[in-house]
Amino acid sequence: MRRLALLLLLAALVLAAPSVSRADDPPTTHARAVLVATGSGEILYERGADRRLPMASITKLMTALLTIERTKPDKIVTVRGPAPSIGESTFNLRPGERLRVRELLTAALVQSANDAAYALASYLGRGKVGTFVRLMNKRAAELGLRHTHYVRPDGLDAPGHYSSARDILVLARKDMEYPVFRRIVRRRGGVVAGRQLYAWNDLLKTYPGAVGVKTGHTDLAEWCEVAAAERNGVTIYAVVLGSPSRARRNADLAHLLDWGFGHYGPVELIVPGRTYATAEIPLSDSRVPLVAARGASPVVRLGRPLVERVAAPGRLEPPIARGQRVGEIRVYDGTRLIARRRLVAAVAVEEPTLGHRLGWYAGRALDEAADMLASLSPF
C-alpha cells in the first residue's frame, strides 16, 4: 500500500502577468460623471465619480433596498397618500388599490413608476413619506455613501437631492445581492397587476449579457444609468450621469462595458501533462514526475500577476499507479482561488522485490567503499 511521506513539498511561484490585449485608454464619453468597475467593486476607470449630481430615478435603488430589507415581497400594500397624484412616469395607481410589494417594486424599478415608489415609501413609513426619506438617508450613511442625500423616494428633481457615480455603484452592488432584485431588474416587459409593463432599460435588449440595473431621466439630471452585464463569469458595472440624450447614454454605456470586459480573457494557467513537481522513491535514484491531470484556462484579469502554489509529497512509497493522485496545484489572484487541478503520477512504479532491494543496497555499499578508498588515496 502506498504511503505518502509526511513532508509535503509546498511551492509558490509568481506567474508572469497575462498581457492586456486591448488599449488601456477608456472610450470617450459624453457625460458629467462616468465610472467602470468589476463585480467585486474594483474601479477600472472613473471621471467625476465623486461629483454630487442629480440622479433622477436611480434614486429608486435605495427605495428598493429599504423595501427588500424591511418587508416581504408578498405583503399587500393598499395605495394611499400622495402616490396616485405623483406625475411623470407612473403605473396609474388608484387610491385604495391593493398590490403586492413585489408588483410595486417591479413597477418602480422596470417602468420607473414614481407612484409605485411613493406607495412603497408610504407603506414603510407608516403613512408618512418623510419618515421613509429619513430612513433612506440613514441607510445611505450606513453604507458610506458620503456624496448622497435624498429628498424624495422617486428621484424627481428637488433641491438637495443628489448622489455620485461612486455611491451609485456601491448601492447597485448592494441591491444586486438580493435574488428578488436581480430577477426584477432583468425584466424586459410583461404584465404586472393587470398592466402592461414598459422597460426603460434599452441595454437589456441591445447589449449581450446585460442584467440590469436602473435608468433615470429628468431635466436637471439628464440621462443617467447604472448598468451591469455578465460575460464568461465576469460582471462589469458602468455608471453614467448627465448624458445629453438617451441614445448617447446607451452608446456610451455599451462602449464602457466593452472596454471593461476587454481587461479580461481566457489564459492557460495550468497545462495538462506538464510536470509541476517530482517525488523521490525509496531504493531508487529516479524521481516520479507529478503532472497536471487536466488543464485550466479560466477567464482572468489581464495585466495582473498571479500566484501558483503546488502541494505535493517530496517522497512516495511504491507501489504507485500511473495517474494516481499525489498532490494539487492551485493558482490565486490575490487571495481568490481561480484555478485548481489534481497532480498525478506520470509513471507507474512497482513495489521493489527482495532481489532489487539487496542489489540496491549492495550497489550503495560499493559506491560508498569506492568513495572511501578515493579519499584515502594520496593522488
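**Entry 1: cavities**

How many cavities of 30 Å³ or more does a search of the whole structure find? I found two. Before going on, I noted that this is a predicted model, where local features need pLDDT of at least 70, side-chain atom pairs count only at pLDDT 80 or more, and totals for chains, interfaces and linings use all residues. Residues are numbered from 1 along each chain as its sequence is written, and side-chain values use heavy atoms, with hydrogens and water left out.

I wrote down the term, too: a cavity is a set of points on a 1 Å grid over the protein atoms alone where a 1.4 Å probe fits but cannot get out, and its lining residues have an atom within 4 Å of a point. Points are joined across faces, edges and corners, and the volume is the space filled by probe spheres set on them.

**Entry 2: the largest cavity**

The largest cavity has a volume of about 60 Å³. I listed some of its lining, including R187, W200, N201 and K214. Which element gives the most to this lining? I see that β8 does, with three residues. Both α2 (101-110) and β8 (210-218) supply at least two residues each. Helices (H or I, at least four residues) and strands (E, at least two) are DSSP runs, numbered from the N terminus.

I sorted the lining into seven nonpolar, two polar and two charged residues. Here Ala, Val, Leu, Ile, Met, Phe, Trp, Tyr, Cys and Pro count as nonpolar, Asp, Glu, Lys and Arg as charged, and the others, Gly among them, as polar.

**Entry 3: the second largest cavity**

This one holds about 40 Å³ of space. Among the residues lining it I noted M55, Y150, S163 and D167. The lining divides into six nonpolar, three polar and one charged.

**Entry 4: α1 and α4**

I then turned to helix α1 (residues 60-70) and helix α4 (residues 129-142), whose axes come within 10 Å and cross at roughly 95°. Axes are lines fitted to C-alpha atoms, for helices over the stretch in contact, and angles run from 0 to 180 degrees between N-to-C directions. That makes α1 roughly perpendicular to α4 (under 35 degrees is roughly parallel, over 145 roughly antiparallel, 65 to 115 roughly perpendicular, the rest oblique). Contact (heavy atoms within 4.5 Å) involves residues including M62 and E69 of α1 and F132 and R139 of α4. By class, I have seven nonpolar, one polar and three charged residues there.

Note on methods
On a 1 Å grid over the protein atoms alone, a cavity is a set of points where a 1.4 Å probe fits but cannot get out, and a pocket is an open set with protein on both sides within 12 Å along at least five of seven lines; lining residues have an atom within 4 Å of a point.
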